[in-house]
Amino acid sequence: MNILEVENEEYQLVKNGFLKGMGFMGNVTNVMAIHKNNVASSLTRQARLHSFMIFSKAVATKCGGDPNVRYAWYGSSLDDLKQIVSLGFHDDHYHNHSHGVGISLFSAKYSIDRVIVGKVEAVPDGSNQSHPSSIHYDTGVDDISAPTRHIIWPAFINSHIHPDYIVSFKYTYMKDPQVYRGQNPQSKYVLFPNLMARVSNRLKPLQMSYLVGSYRLYQERKISRELWVKDVRSIIGDPLLREVISESSGNLQLL
């Protein structure tokens, strides 16, 4: 992996695209470093890129000329991501948190990972699906009309995904409640970005990705507040939430 210099135009393009893709959380996200996949550094990496291009052409033929390559990102530790770049994904990266069993990638505005999604099908929350429902489909999404999550089935995890960059980042505390359009809660509250900052060292990167994804759906009014709070409790866990409540010296109201 090559570390991009801050002054580098490529660094700025990736950084700005990544922060834009984070939506509201981009305001409280600090990019610490960007590593670029140095494909030329090994024959294995060259072979993986070559394989990606071959499968891209194969899916394009199957789908009438368009492989539907999208940009997305996968959250994990730096060491794990470096291993993925070198050796690929494996079964420890599968999950069944929601929307099927496979590698879950989150939509991005700039190429963190390139993904061949082909023809997509909607996979409902809580599904245990682990392969296309028919030969007509290639990958899954959480929402056909406005996907925020792409599900790459186990059979395709090392042929349909090519990692281009690793972005290291951290969350910071927010002090300006005005971003919440003048809300004036009557009880103690915790801004969601501050909750993310408090639990970021206690949760796995993939869990943090789920939190951001769920919050984005809530902000876009695609899920109700009740379902969002249920997601937060499920991902973080009540013991850690109670700890945050205790630190807030009162009842917790998420904003």
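Author: Start with pairing: two strands pair if DSSP finds at least two bridges between them. Strands (E, at least two residues) and helices (H or I, at least four residues) are DSSP runs, numbered from the N terminus. This is a predicted model, where local features need pLDDT of at least 70, side-chain atom pairs count only at pLDDT 80 or more, and totals for chains, interfaces and linings use all residues. Residues are numbered from 1 along each chain as its sequence is written, and side-chain values use heavy atoms, without hydrogens and water.

Reader: What joins E1 to E2?

Author: Two bridges join them, and the strands run antiparallel. At least two bridges are needed, so E1 and E2 count as paired. Asn2 stands opposite Lys36 in E2.

Reader: How many bridges join E2 to E10?

Author: Seven, again antiparallel. Ile34 stands opposite Val167 in E10. The three strands form an open sheet in the order E1-E2-E10.

Reader: Why are E1 and E10 called edge strands?

Author: E1 (2-3) and E10 each pair on one side only.

Reader: What makes E10 largely enclosed?

Author: Five of its seven residues (165-171) are buried, so the rest of the structure largely encloses E10. Buried means under 20% relative accessible area, exposed over 50%, and partly exposed in between (1.4 Å probe, protein chains only). Helix H3 (residues 78-87) lies across E2 and E10.

Reader: In which order do the strands of the seven-stranded sheet come?

Author: The order is E6-E7-E8-E4-E3-E5-E9, in an open sheet with mixed pairing. E6 and E9 (161-163) are the edges, each pairing on one side only. The twist averages 40° from one strand to the next. Within this sheet, E7 and E8 (residues 149-152) pair in the antiparallel sense over two bridges. Gly140 has Ile151 in E8 as its bridge partner.

Reader: Why do Lys36 and Glu10 count as a salt bridge?

Author: A salt bridge is a side-chain nitrogen of Lys or Arg within 4 Å of a carboxyl oxygen of Asp or Glu. For Lys36 and Glu10 the N to O distance is 3.1 Å, so the pair qualifies. Lys36 lies in E2 (residues 29-36) and Glu10 in helix H1 (residues 9-21), so parts 26 residues apart in sequence are tied together. Lys36 has 30% relative accessibility, so it counts as partly exposed.

Reader: How many salt bridges are there?

Author: Five. Another of them joins Asp138 and Lys62, at 3.1 Å from N to O. Asp138 sits in the loop between E6 (120-122) and E7 (139-141), Lys62 in helix H2, 76 residues apart.

Reader: Is Asp138 buried or exposed?

Author: Asp138 has a relative accessible area of 5%, so it is buried. Lys62 is at 42%, so it counts as partly exposed.

Reader: What links Glu243 and Arg202?

Author: Their side chains also meet in a salt bridge, at 3.0 Å from N to O. Glu243 is in helix H7 (residues 238-247), and Arg202 is in the loop between H4 (192-199) and H5, 41 residues apart. With a relative accessible area of 34%, Glu243 is partly exposed.

Reader: Why are H5 and H6 called roughly antiparallel?

Author: Angles run from 0 to 180 degrees between N-to-C directions, with axes fitted to C-alpha atoms, for helices over the stretch in contact. Under 35 degrees is roughly parallel, over 145 roughly antiparallel, 65 to 115 roughly perpendicular, and the rest oblique. The axes of H5 and H6 (residues 225-236) come within 10 Å and cross at roughly 175°. That makes H5 roughly antiparallel to H6. Contact means heavy atoms within 4.5 Å. Among the contact residues are Tyr210 and Leu211 of H5 and Trp228 and Val232 of H6.

Reader: At what angle do H4 and H5 pack?

Author: About 175°, with axes 11 Å apart. H4 and H5 are therefore roughly antiparallel as well. Phe192, Met196 and Val199 of H4 meet Met208, Leu211, Val212 and Tyr215 of H5.

Reader: Which residues touch the most other members of the largest nonpolar core?

Author: Val199, Leu211 and Ile236, out of 52 residues. Helix H5 (residues 205-219) gives the largest share, seven residues. A nonpolar core is a set of buried Ala, Val, Leu, Ile, Met, Phe, Trp, Tyr and Cys residues joined through side-chain atoms within 4.5 Å.

Reader: What sets the phi of Asn68 apart?

Author: It is near 60°, a positive value in a residue other than glycine. Asn68 is in the loop between H2 (43-62) and E3 (69-73). At 16% relative accessibility, Asn68 counts as buried.
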